[in-house]
Amino acid sequence: MIDDIWVDDAVTALRPDFAVLVVCAHGLRNGPSDDRSRAWLADAAVHAVPLDDERIEAWRAAYRAFGAKPQRTRPSVDALVRRMPLPEINLVVDAYNSVSVRHGLPIGGEDLRRYQGAARLVRAAGDEPSEEALGDPEIGEVVWRDDAGVTCRRWNWRQCVRTRITEETVDALFLLERLEPLSLDALRAAGDDLAGMLSDINPNIRIESRLIG
């Protein structure tokens with residue numbers, strides 16, 4: 001999967017500074033939140049980026065560029081920072097949510113085994129299959145999708161139920177998304193941070209990554 005993920009030229013034209021670090025983790029042993037993940041969440045609450053941080057504002061601007069209203073459908077990192085303290089979900093979700101707010105970038109977590117075909121980031125035609133709870137994407141909206149339909153609407157606003165990470169997830173895909181002023185080095189540092197936490201959950205996992213953009 002990791003070599004087949006792609007970003008459409010129409011998205012790159014909208015934001016030439018966009019890049020995504022794709023991280024795949026194979027052999028996870030996910031489970032309910034525990035003292036270790038609670039410590040991650042507590043640390044994130046102390047070190048989260050502020051809401052007026054320019055890294056978050058870059059995402060608000062990107063949403064406006066394709067017609068979304070970020071005060072109504074917020075970029076995921078914006079929404080997470082507003083939810084402090086972060087809720088307990090499960091070990092893996094706690095890990096990537098804490099990395100997201102500490103590094104100031106959106107991170108999507110997906111169950112690889114529930115994907116149909118490759119993940120790709122596109123501007124919607126408006127007729128893509130989508131779960132009822134997500135609603136239909138608007139023409140020109142930036143969405144992640146696979147062969148079965150939309151997996152995340154409005155770039156990183158809301159994920160579908162089908163591919164979300166659960167306590168039963170074994171193989172996972174993480175999409176760490178970057179806009180300037182976040183540097184590529186900072187993006188890689190966030191990926192390393194996440195990989196370290198996932199390895200703490202299971203030291204025997206196999207991790208691979210690829211930078212797109």
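## The largest pocket

The largest pocket holds about 790 Å³ of space. A pocket here is an open set of points on a 1 Å grid over the protein atoms alone, with protein on both sides within 12 Å along at least five of seven lines, and lining residues have an atom within 4 Å of a point. The volume is the space filled by probe spheres set on the points, which are joined across faces, edges and corners.

Keep in mind that this is a predicted model: local features need pLDDT of at least 70, side-chain atom pairs count only at pLDDT 80 or more, and totals for chains, interfaces and linings use all residues. Residues are numbered from 1 along each chain as its sequence is written, and side-chain values use heavy atoms, leaving out hydrogens and water.

## Who lines it

The lining has 32 residues, with Arg83, Tyr96, Trp157, Arg158 and Gln159 nearest the pocket's centre. Among the elements giving two or more residues are α5 (91–103) and β8 (171–178), but β3 gives the most, with four. Strands like these are DSSP runs (E, at least two residues), and helices are H or I runs of at least four, numbered from the N terminus.

## A closer look at β3

β3 runs antiparallel to β8, joined by five bridges (pairing takes at least two DSSP bridges). Asp111 has Ala172 of β8 as its bridge partner.

## Cysteines

There are zero disulfides, meaning cysteine sulfur pairs within 2.5 Å. For Cys24, the nearest cysteine sulfur, in Cys160, is 16 Å away. The sulfur of Cys160 is 8.1 Å from its closest counterpart, in Cys152, too far for a bond.

Key: On a 1 Å grid over the protein atoms alone, a cavity is a set of points where a 1.4 Å probe fits but cannot get out, and a pocket is an open set with protein on both sides within 12 Å along at least five of seven lines; lining residues have an atom within 4 Å of a point.
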